[in-house]
Amino acid sequence: MAASQQRLFGTNGVRFVPGVSHDLDFVINLSEAIGTYFGSGEILLGQDGRLSSQALANAATSGLLSSGRDVAEAGLVPTPALQYAVKAMGFKGCVMVTASHNPPRYNGLKVSGSDGVEVPHLDEQRIEKIYFDKSQTKADWKTIGVARNEPSVIRTYLNGIRSKVDAKAIAERKLTVVMDLGNGAQSVAAPYLVEALGCKLITLNSVVDGNFPGRGPEPTPDTLKDLSSAVRSVGADLGVAYDGDGDRTLFCDENGVVLWGDQSGCFLADYVLHKHKGGTVVTSVASSQAIEAVAKKHGAKVIRTKVGSVEIARTIIERGAVFGFEENGGCLYAPHIAVRDGGMTTALMLECLARKGMSFSKSLAFIVPRFYQAKTKVEVGPKSVPAVMRAVERLAKGEVERIDGLKIWTDARSWVLVRPSGTEPIVRIFAESEAQQGADQLIRKFERVVKSASA
Ligand code: MG
């Protein structure tokens, strides 16, 4: 990457294609910068199951040691397990080698502080400055760090989750769960959690494999057809699926209908607000308006942020919120830790369904008002973005929100969000309405406007 760009971190850590866009020297130098940023103490290091993760983890250890930090190597763990262990076990911070849900060729680094939460964007810029200025601390033979193995991350993580739910109530309900692990990192944690909570478990794609041969690393309604049919054929109470590093969770009901993250997020928000007798929920500007209706029932507040889990996590901490979610299936339960966590989200859902005592689909219909979404993206060069946004704004007649891009309300229950991506030359368009047709029409209308203004 050219020094003039001065950016390494995207919306969720540093991502690249090892051996193609960046080599292992890059990982060593960046990890030296990360170690320099932390300044002292022992750093916990983890990795997902990608083909390049072991090599990157070794390079990250080298860089951190070279900057004088000590390193505790956790090996293959889900991202949220590493983040929780940092907080629970008192490390200075952690580095996770992962590219989350990206295709197999990608990998990356994600940096969290002593609270386990991804470091704020300003701190990412401090790390980038150290990297580009080449001002990394270089330890000498006396001050160079020491690496050791840290075997208790998964145990700490699973115990932490179990302590936050009513394990007895879950066990008594004897739920049957089908879990699609997508060959990802939750394979080493989530099945043990669900079995320990007394559920009957059937797993799919449970062998960790960096080629992601089962259904790819990104769970979507399209990639979860095997999960749907398995839930129906065994008569399970629910299905659950994770992304490659186990922080995002999608569910399907007992009929095999896969819920988007907005629906499961609103459903769990209702449960968490009930469990904690109110509180604040944080979500991005792109999530469904259903959350406002859910929160209103509890006299609770909703705070909207820019898109990105780091924004949501940091807002939860600043505002003392109890829960956060994203439309892609990320849920953050603050009493555990303010990060997206597939294991915690699963345990909360099991507790919620166990307490409701009726089927998943019936409970959902009862709680979450149904809205319909559509989304698309249009390739737009960075130079055309201002003209595109001006053209979009000219169409606004009603209320406009400017938290991230432009969110235009076309009537009391319909909106469209037009948002330039922070990392790719594209503009994303989201729409929501009371009927699918309404959302689709909004998408087509604004797609035409974006395309003609960028031509
Ligand atoms: Mg992820």
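Which residue stands opposite L332 in strand 16? R340 does.

This is a predicted model, in which local features need pLDDT of at least 70 and side-chain atom pairs count only at pLDDT 80 or more, while totals for chains, interfaces and linings use all residues. Residues are numbered from 1 along each chain as its sequence is written, and side-chain values use heavy atoms, with hydrogens and water left out. The chain is divided into domain 1 (3–155), domain 2 (164–367) and domain 3 (372–454); the bounds come from an automatic or database domain assignment. The C-alpha centres of domain 1 and domain 3 lie 36 Å apart.

**Terms**

- Helices (H or I, at least four residues) and strands (E, at least two) are DSSP runs, numbered from the N terminus.
- Two strands pair if DSSP finds at least two bridges between them.
- Axes are lines fitted to C-alpha atoms, for helices over the stretch in contact, and angles run from 0 to 180 degrees between N-to-C directions.
- Contact means heavy atoms within 4.5 Å.

**Hairpin of strands 15 and 16**

- Strand 15 (residues 331–333) and strand 16 (residues 337–340) run antiparallel, joined by two bridges.
- Three residues link strand 15 to strand 16 in a hairpin.

- Four strands form an open sheet with mixed pairing, in the order 9-8-10-11.
- Strand 9 and strand 11 (249–252) are the edge strands, and each pairs on one side only.
- From one strand to the next, the twist averages 20°.
- Strand 8 (residues 176–180) and strand 9 (residues 200–204) run parallel and are joined by five bridges.
- M179 has T203 in strand 9 as its bridge partner. D180 has L204 in strand 9.
- Strand 8, helix 7 (residues 190–196) and strand 9 make a right-handed β-α-β unit. Right-handed applies if, with the strands pointing away from the viewer, the path from the first strand over the helix to the second runs clockwise.
- Helix 8 (residues 225–234) lies across strand 8, strand 9, strand 10 (238–242) and strand 11. Helix 8 runs at about 160° to strand 8.

- An open sheet of five strands has antiparallel pairing and the order 17-21-20-19-18.
- Strand 17 (372–379) and strand 18 (400–401) stand at the edges with a single partner strand each, so one side of each has no neighbour in the sheet.
- Strand 19 (residues 406–411) runs antiparallel to strand 20 (residues 414–420), with five bridges joining them.
- W409 stands opposite W415 in strand 20.
- Helix 15 (residues 436–454) lies across strand 17, strand 19, strand 20 and strand 21 (426–433). Helix 15 runs at about 15° to strand 17.

**Helix packing**

- Helix 9 (residues 261–275) packs against helix 12 (residues 342–356) at an angle of about 70°, with axes 10 Å apart. The two are therefore roughly perpendicular. Angles under 35 degrees count as roughly parallel, over 145 as roughly antiparallel, 65 to 115 as roughly perpendicular and the rest as oblique.
- Helix 9 passes helix 12 in a left-handed crossing. That term applies if the near helix is turned anticlockwise from the far one by less than a right angle; clockwise is right-handed.
- Residues of helix 9 that meet helix 12 include F267, L268 and Y271. Their counterparts in helix 12 include L348, M349 and C352.
- Helix 9 also packs with helix 13 (residues 360–367), at an angle of about 80° and with axes 10 Å apart. Helix 9 and helix 13 are therefore roughly perpendicular.
- Q263, F267 and D270 in helix 9 meet F360, S363, L364 and I367 in helix 13.
- Helix 3 (residues 79–89) and helix 5 (residues 153–162) pack at an angle of about 85°, their axes 9 Å apart. Helix 3 and helix 5 are therefore roughly perpendicular.
- Among the residues where helix 3 meets helix 5 are P80, Y84 and M89 in helix 3, and V153, Y157 and G160 in helix 5.
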